[in-house]
Each structure stands twice: as structure tokens, then as C-alpha cells.
Amino acid sequence: MEIKIAVIGLGYVGLPLARLFSTKYTTVGFDINPDRIEELNAGNDSTLEVDSDLLQSALKNGLKCTADLQDIRDCNFYIVTVPTPVDSNNNPNLIPLQKASETVGKVISKGDIVVYESTVYPGATEEECIPIVEKISGLIFNTDFFAGYSPERINPGDKLHTVDKIKKVTSGSTPEAGQIIDKVYASVISAGTHLAPSIKVAEAAKVIENAQRDINIAFVNELAKIFCRIGIDTKDVLEAAATKWNFIPFKPGLVGGHCIGVDPYYLAQCAQRYGYHPEIILAGRRLNDGMGEYVGGEVVKLMLKKGIQVIDSNILILGFTFKENCPDVRNTKVIDIIRYLNGFDVNLTIYDPWADPEETKKEYDINSTNHLPEGKYDAIVLAVAHEQFLSLNIDELLQRKSIIYDVKGCLPLEKVDGRL
């Protein structure tokens with residue numbers, strides 16, 4: 001059959017995928033946010049995942065971006081790329097996925113395929129999503145329509161490992177559907193594909209990828225706490241250990257974002273549904289979720305040791321996004337540093353040249369700036385390793401008596417008072 005693709009959700013994952021598929025297939029990108037559609041049709045991507053020239057070229061060559069459901073009704077290969085966050089209690093929030101499934105149910109026809117890319121726990125596609133599609137469409141799963149799961153592996157801000165250069169795991173609800181889905185992805189993914197034997201296997205592969213990283217980072221975060229007490233530098237220890245051929249290099253830091261800081265909770269909840277309480281996974285989450293408060297506490301202790309009055313002090317936070325050289329502020333753990341320090345009635349300035357001040361205000365109710373502020377500070381916390389900060393003359397921003405805390409370990413050791 002002639003493939004006509006609809007990508008539902010045009011964020012960090014969906015837009016690069018739609019752009020890529022549009023090089024080979026008729027492709028329509030759908031998003032419920034009309035402002036996002038207006039931005040994209042003007043040739044601009046605020047996530048910075050697709051360069052303006054590339055996006056404008058795709059639009060000229062047939063990519064259509066729309067908020068009108070009728071525009072995807074004649075598609076036959078639907079790909080769902082909506083976010084799957086956790087709620088305030090760290091329970092999976094499947095509402096965006098459920099809403100997207102309702103959307104698919106309104107337009108899917110006999111013989112069509114729907115593929116989910118959003119991160120979920122094993123079983124969610126067939127247990128949570130497909131019944132919604134069936135109910136809305138009136139079609140019968142694996143008789144009238146088919147499904148698949150192909151986990152997204154987008155790394156926001158990474159211009160080297162783009163979507164076409166990352167090997168793609170695919171799966172289908174039947175062997176025949178799996179072959180079709182794999183063939184469609186393989187036609188645009190230069191890194192190749194891996195056809196998993198079932199949807200559940202593909203779902204599980206996604207969540208353990210990030211749970212594994214989470215646990216490893218939690219380990220080195222714990223090491224950083226230990227070595228700080230001993231009085232040795234964590235970076236020096238890791239560099240020495242890395243000389244062994246089978247040492248796995250991880251760095252301490254804040255673990256936020258939409259994947260590593262979220263996916264383990266999906267796996268943990270799934271395990272608990274089957275009567276197993278995961279210990280290592282949740283222990284790693286607890287440790288990593290507490291690192292922002294730990295950093296804040298270290299900053300306060302260093303200030304007191306230098307005789308700097310904490311209350312009413314002026315503190316500069318360098319960086320707010322969840323990672324360097326990327327505008328994504330979703331689930332950023334820098335907010336935990338800020339909330340801890342605000343408990344001491346300090347005067348905080350948050351400078352991030354990448355983050356949108358309107359978004360930080362809307363999502364976190366804090367004020368940030370894209371411009372280097374004037375003034376002198378009692379403490380500076382380098383929270384995100386943006387390229388602009390690496391060439392910054394921090395000394396010009398310091399009071400005579402002040403401290404520097406380097407969360408990312410990217411400043412010379414002799415210039416900082418503390419770091420992870």
C-alpha cells in the first residue's frame with residue numbers, strides 16, 4: 001500500500017520525525033496547539049531540534065503542519081509522539097497519550113496502522129491505548145487495524161545523534177504488521193532498525209535504557225557525596241578509575257528532563273502492579289531526586305564557612321534548562337536548588353541564554369533572564385554547562401568575599417569552592 005504518514009504531537013520527538021519521513025512519504029504533522037502550528041508553518045522551531053533552513057525546505061517539499069483533524073483523516077500510518085510525564089506523586093500521567101488515542105480513533109480506517117513512540121510501561125500500548133482507539137473508531141484490533149511500538153530515542157540538543165542516526169527499535173501487533181512497520185522506519189533511518197518480537201518487549205527496552213542510566217548516575221552522585229566528606233575531588237577519582245578498560249564512565253549531576261528522570265517511575269509502577277517492589281530502581285530515583293537540595297545545602301554551608309551572611313545575600317544561578325545547549329526546561333532539577341535557596345530569603349538571579357523566560361515563568365513561576373546581569377554576587381552556582389558559560393569571566397561577577405559552586409565540574413578546580 002502507499003504509505004501516508006500522520007505524526008501526532010510536534011514537539012522534540014515528533015517534529016524531527018515528521019521532517020525525516022517527509023523526505024520519502026507524504027507526511028502530515030498534527031498538533032493541538034495552534035500557536036505551535038503557526039510557528040512551524042512560519043519556518044521556526046522553538047525547540048531548536050530542526051534548523052530553520054531544514055524546516056522551511058521540508059515545508060516547501062510537502063510537509064504539512066496542521067491543527068485540523070480533517071487533514072490527517074486520509075492518512076494510513078499514524079505515529080503518536082506525545083509526552084508521557086509523571087504527576088506530583090511520580091505516578092505515570094497517561095492523559096496526553098489517552099487524548100492522542102482518542103484522536104487516532106476519530107480518523108483511523110480499516111487496514112491502517114498506529115505506532116506509539118511515547119515512553120510507557122510494558123503493556124500500556126495494548127492495555128491502555130488500543131482499547132480507546134477501538135472504542136472511538138468502532139474497529140476491531142488486529143482485524144480492522146493494527147498497531148506497533150517504536151520507542152523514541154531523541155536526545156534534545158544533540159546535533160550528532162539525530163533521529164536518522166540512532167538505531168530504531170520497532171515492533172508490531174502481528175508478525176505481518178511488525179514487518180511493515182520495520183520496513184517503513186528502515187526506509188528513513190540510516191542507522192538501521194531492530195525488530196523486537198513483541199510490543200511489550202519494545203516498551204520494556206525503552207524504559208530500561210533510561211533506568212540503567214539513572215541508576216549509574218545515582219551511583220556516582222552517591223560517590224560525590226562520600227568523596228566530598230573525605231576531602232578528595234570526584235572528578236579526579238573518576239578520571240583515575242576510567243584508565244581501566246572496562247570501567248563505565250558516568251558523571252555526577254542533576255538528573256532531570258523528560259526521560260531519565262521520568263522513565264524509571266513507569267517501570268517501577270509496572271513492577272508493583274505485578275506484585276514486585278523494585279528496590280534499586282526507586283533507590284536510584286530517590287537519590288537523584290534529592291541532588292538539587294543537596295547542592296543548595298552545600299552552597300549554604302560554603303557561604304557560612306567563609307563568613308558570608310546567607311539571608312538577603314545575592315546569588316547568581318547560571319543555567320536553568322535540564323541540560324546544556326538546549327532550551328528544554330521540562331523537569332529541570334535546577335528548580336530544586338532554587339527552591340532550597342529561596343528558603344533562606346536570598347536574592348536570586350537566574351541567567352540562562354537558552355531558556356525562554358516566558359516559559360520558565362509559566363511552568364515554574366520564576367523569573368529568568370537571557371542577558372548577563374550586572375552586579376556583584378555573594379555566590380555563583382554553575383548549574384548547567386552551556387557553551388556561553390565556559391568563556392564567561394566569572395571573577396567580574398563576584399563580591400570580594402564570595403563562593404563558586406560548580407555542579408557540572410567544568411571549571412578549573414582552583415577557581416571553585418565546591419563541586420560535585
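1. Asn-325 lies in the loop between β9 and α12, where helices (H or I, at least four residues) and strands (E, at least two) are DSSP runs numbered from the N terminus. Asn-325 has a positive phi of about 55 degrees although it is not a glycine, and at 24% relative accessibility this residue counts as partly exposed; buried means under 20% relative accessible area, exposed over 50%, and partly exposed in between, with a 1.4 Å probe and protein chains only. Asn-331 is placed in the loop between β9 and α12, and has a positive phi of about 55 degrees without being a glycine. Asn-331 is partly exposed, at 26% relative accessibility. Most residues other than glycine have a negative phi.

2. The model is a predicted one, in which local features need pLDDT of at least 70 and side-chain atom pairs count only at pLDDT 80 or more, whereas totals for chains, interfaces and linings use all residues. Residues are numbered from 1 along each chain as its sequence is written, and side-chain values use heavy atoms, with hydrogens and water left out.

3. The structure holds 6 aromatic pairs, meaning rings of Phe, Tyr and Trp (its six-membered ring) with centres within 6.5 Å, where planes under 30 degrees apart count as stacked, over 60 as edge-to-face and the rest as tilted. Among them, Phe-141 and Phe-145 form a tilted pair, at 5.6 Å centre to centre and with 45 degrees between the planes; Phe-141 and Phe-145 are both buried. The rings of Phe-320 and Tyr-364 have their centres 5.2 Å apart and their planes at 80 degrees, so this pair is edge-to-face. Because Phe-320 lies in the loop between β9 (314-318) and α12 (334-342) and Tyr-364 in helix α13 (residues 357-364), the pair ties together parts that are 44 residues apart in sequence. Phe-320 is buried, as is Tyr-364.

4. Which residues do ring pairs link into a cluster? They are Phe-21, Tyr-25 and Tyr-185.

5. Asp-406, found in strand β12 (residues 398-406), deserves a look. Asp-406 is buried yet has no salt bridge, and the nearest side chain of opposite charge, Arg-419, is 4.5 Å away; Lys and Arg count as positive and Asp and Glu as negative, while His and the chain ends are not counted. A salt bridge is a side-chain nitrogen of Lys or Arg within 4 Å of a carboxyl oxygen of Asp or Glu. The side chain of Asp-406 does reach the backbone nitrogen of Cys-410, at 2.8 Å.

6. A search of the whole structure finds 18 salt bridges. One of these joins the side chains of Glu-209 and Arg-153 (2.6 Å, N to O); Glu-209 lies in helix α7 (residues 199-230) and Arg-153 in the loop between β6 (146-149) and β7 (168-170), so the pair ties together parts that are 56 residues apart in sequence. Glu-209 counts as partly exposed at 24% relative accessibility, and Arg-153 counts as partly exposed at 28%.

7. Lys-361 forms a salt bridge with Asp-365, with the closest N and O atoms 3.1 Å apart. Lys-361 is partly exposed at 38% relative accessibility, whereas Asp-365 counts as exposed at 56%.

Note on methods: Polar contact = N/O pair within 3.5 Å; in protein donor to acceptor, adjacent residues only side chain to side chain.
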